[in-house]
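User: I'd like to learn how to read salt bridges and a chain-to-chain interface in a model. Can we go through one together?
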Amino acid sequence: MSGARRRLLFFAGLLVLWEVLVRLHLWPDYVIPSPLAVARSLVDGLVSGVLPRAILISLRRVALGYGVSLLIGLPLGLLLGRTRLLQDTLGTLVLGLQALPSICWLPLALLWFGLSETAIGFVVVMGAVLSITLSTADGVRNTPPLYLRAARTMGAHGWRLYAGVILPSALPAILSGMKLGWSFAWRSLMAAELIYITTGLGQVLTLGRELNDMTRVLSVMLVIIAIGLLTDYAVFRPAEQRVRQRWGLQGGS
Amino acid sequence: MTPLSPSPVWKLELRGVSKTFRSSHGDYPALKGLDVSAAPGEFVCLLGPSGCGKTTALNIIAGLEQADKGDVLIDGRPVGGPGPDRGLIFQEAALFPWLNVRDNVAFGLAAQGVPHRERMRLADSHLEMVHLQEFAAASVHQLSGGMKQRVALARALALNPQVLLMDEPFAALDAQTREALHLELQSLWSATRKTIVFVTHNVREALVLGDRVLLLSARPGHVKREFRCELPRPRPMESHTLVDLAQTVMQDLRSEVLAAQQEARRERRSP
Ligand SMILES: Nc1ncnc2c1ncn2[C@@H]1O[C@H](COP(=O)(O)OP(=O)(O)OP(=O)(O)O)[C@@H](O)[C@H]1O
Ligand SMILES: [Mg+2]
């Protein structure tokens, strides 16, 4: 409660500071517009339907790309975590690829898939799938040996050991991989939409720049931040919190 | 005394068990010619300095590790891998936090293919044995250390093992809780008459619980001396006979601890 109030006060203060700086006319309006102008542009965008349309398109893309990333990343991570051979070969490849910002895949994707949704989806998947895979593999590999020994003395082996012990014990790591994957998916999509002009939030942002409309640029940036934060707070944090508490990884509070 | 009977029928028998851990730093003998036997329903304590191979011995009996040499027999038959005829209890309770208390107790039963209804019934009746029936639906992080260890006990007993292996199960608990669990374990033992092999490095604990106490040597471990403890149960920790016996055992153990330390020092000097 007091944490929420502190946060509210901080951001209110920030807004006031912003407004005051603008009123001092240190910079021309088109460099830093006032918060009110940005809010007006935001409302305009929402009412005119430009923003809702773009948001829907971007959300659909990220959901699709993220879904595919989960479908690939989770099983791949489960395999990598338990198979030494795969870990040493494919695992090293995945780790290496993670050093590459996913947007660098765009030229390749355009050559492979042309100017298509598939090309954008590919970039999103390349952004999300690696961290999902690696976290899942990590979680599986770090199953406490004590759990494995206990389960084995009780006669569990094969899939029961996997589904009953290894997988649930990896769940906290899998969840944080999913959370990381989501934020990577969202960022990759925005980067791709900015560069490769198409519909979506990224395009509205680019358009704002081309029209020299700073208020629009800022309002779209706010929307992008809001969507990223919302999914984090509404989906991943509560899930993570519950699992961590249940798994005894933190004092229940 | 059983001098005239032909070799007694042991429930559990270890004959000349040796185990050496091999690593890039060199070989590391943990057990050398360990002989342990336990009659049906007997309570045997293994006592020895830290690092003398007690856990290794239990792991070998449980089938989690293989001996390099020697035999492990249950009812005269050699054991293979892990199996439900041997239950193992660790220093930490090793309960699964994603399952509630009842499902933890039922976990091994599921692995044995016991149908759901029967599983729940067995889990509940074993929770009752350790007086935790009200906690059946609780999650693991709501339990105290002592309660966790009792759930672990219920979980092991639910599989109806022939031999119960306990690896310093109460070492992490405070003195009062430990004493309460000693009493609880003894009443469970008289009710179920399981054969128990109990590892500890607490002399008093060994004497309070065991019919026989086997004193292991410093690494590589083998049985150095054997003490019988035939005091009536339940045995109060302060009983004079027990305190006297503890004194004798303590002396022997101390010399083994010293030997273990010297061994460690020698190893550090010559890597
Ligand atoms: N997997 C392993 N690889 C290499 N060495 C091992 C391994 N497990 C145990 N050891 C070594 O073997 C020796 C015996 O270990 P063990 O755990 O059986 O001792 P312990 O008697 O149970 O000791 P403690 O009383 O401290 O629990 C130790 O010196 C240990 O370092
Ligand atoms: Mg040990």
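User: Is E256(B) buried or exposed?

Analyst: Buried means under 20% relative accessible area, exposed means over 50%, and partly exposed is in between (1.4 Å probe, protein chains only). E256(B) has a relative accessible area of 9%, so it is buried. One caution: this is a predicted model, where local features need pLDDT of at least 70, side-chain atom pairs count only at pLDDT 80 or more, and totals for chains, interfaces and linings use all residues. Side-chain values use heavy atoms, with hydrogens and water left out, residues are numbered from 1 along each chain as its sequence is written, and chains are lettered from A and ligands numbered from 1 in the order in which they are written.

User: Which side chain meets E256(B) in a salt bridge?

Analyst: A salt bridge here is a side-chain nitrogen of Lys or Arg within 4 Å of a carboxyl oxygen of Asp or Glu. For E256(B) the partner is K224(B), at 3.1 Å from N to O. The pair links distant parts of the chain, 32 residues apart: K224(B) sits in strand 10 (residues 223-228) of chain B and E256(B) in helix 7 (residues 240-269) of chain B. Helices (H or I, at least four residues) and strands (E, at least two) are DSSP runs, numbered from the N terminus. K224(B) is partly exposed, at 37% relative accessibility.

User: Where do E19(A) and R23(A) lie?

Analyst: Both are in helix 1 (residues 2-23) of chain A, four residues apart, or about one turn of the helix. E19(A) is buried at 16%, while R23(A) is exposed at 56%.

User: How many salt bridges are there over all chains?

Analyst: The count is 22. Between chain A and chain B, though, it is zero.

User: What area is buried between chain A and chain B?

Analyst: The size of an interface is often given as the accessible area lost when the parts come together. Buried area is what two parts lose on being put together, summed over both (1.4 Å probe). Here that is about 2000 Å², with carbon and sulfur atoms giving 67%. In chain A, T153(A), M154(A) and R246(A) lose the most area to chain B, together 36% of what that side buries.

User: How many residues of each chain are in contact?

Analyst: Contact means heavy atoms within 4.5 Å. By that rule, 18 residues of chain A touch 26 residues of chain B.
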